[in-house]
Each structure stands twice: as C-alpha cells, then as structure tokens.
Amino acid sequence: MPPRRSLPMRLRSAWTLLYLAIFALSGCEPLSRARDVLTKSDQERKTVKLGILHSQTGTMGMNEMSLRHCEVLAIEQINASGELSNVDLVPVVKDGRSRSDLFRRRTRELVDVEKVDVIFGCWTSLHRKAVI
C-alpha cells in the first residue's frame, strides 16, 4: 500500500492547482509573464473568484474534507503572502452532498450566479462526469 501523503504535500498540490488557475486566467501566457500581468502596479485591483465544489456532507463528506481545507488554506496563504499584490483570491465553497444531481446544480450556481472564474473539486469520477 502506498504511503499516505503528508499535509505539506497536499498543500503543495493545492498551491500548484491555484497557480495553474491563475495561469489559465491570464490568457495562457507563460507563467512568468502571467505573474507580471497580475501584479502590475498600474492595474486596478482584481478579484478572482475560485469555486470550491466538494462534498461536505453525505458518504464522501469525510473523504473530501481535507481537500476543501487544503484549497481554502492555500488561497488564504496566497492572499496573505502578497505575491499577487493587485489580485484578491476569493473562495466560494459549495456542498455537493455526495450526490451527482446536486453537483450539477451547484456547478450551475457557481458559474451562473456566483460568476466564479474557475472551479476546483469533484473528487470522484461520477461527480466529474455529472458536471461536464
């Protein structure tokens, strides 16, 4: 059985995902240029909404709890670090309740109502298929 990933490795994974999201939001420029685009001092302050869609209740709630915590913690650390001086990352957390139909509905809410820029989550393949 493979060893369980430590919390620092999970945090590094969450950081990587968030940097990739920023990379995607910057118009697919090289990552070094994306950071420059987001941190220019002459730009106005920008808010980037990050949707976090995991089961907080139901059969998968306990399994996905650490994922949600890591993603929110990574967002807080990026905001606190000040590396993205003109960008505020705002997590918008929704509960899929371990049900595919709710994952589909929550995705629509995140996209249409909350106007998030990117969505993280949908840990199981069943839930990923439901939101496509």
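Modeller: Happy to! Let's begin with confidence, as this is a predicted model: over residues 26-30 the pLDDT stays under 50, and the model has six contacts beyond four places in sequence for that stretch. For the protein chain as a whole, the mean pLDDT is 80, with 67% of the residues at 70 or more.

Three strands form an open sheet in the order 2-1-3, and their pairing is parallel. Strand 2 (87-95) and strand 3 (118-121) are the edge strands, each pairing on one side only. From one strand to the next, the twist averages 25°. Four bridges join strand 1 (residues 46-54) to strand 3 in the parallel sense, and L53 stands opposite G121 of strand 3.

Two helices go with these strands. Helix 4 packs on the sheet and touches strand 1, strand 2 and strand 3, its direction making about 175° with that of strand 1. Helix 3 (residues 61-81) also lies across strand 1, strand 2 and strand 3, and runs at about 170° to strand 1.

R106 counts as buried because its relative accessibility is 13%, below the 20% cut-off. Apart from neighbours within four places in sequence, R106 is in contact with L53, K94, D95 and R97.

Technical notes
Residues are numbered from 1 along each chain as its sequence is written. This is a predicted model: local features need pLDDT of at least 70, side-chain atom pairs count only at pLDDT 80 or more; totals for chains, interfaces and linings use all residues. Side-chain values use heavy atoms; hydrogens and water are left out. pLDDT is the predictor's confidence in each residue, from 0 to 100. Contact means heavy atoms within 4.5 Å. Buried means under 20% relative accessible area, exposed over 50%, partly exposed in between (1.4 Å probe, protein chains only). Two strands pair if DSSP finds at least two bridges between them. Axes are lines fitted to C-alpha atoms, for helices over the stretch in contact, and angles run from 0 to 180 degrees between N-to-C directions.
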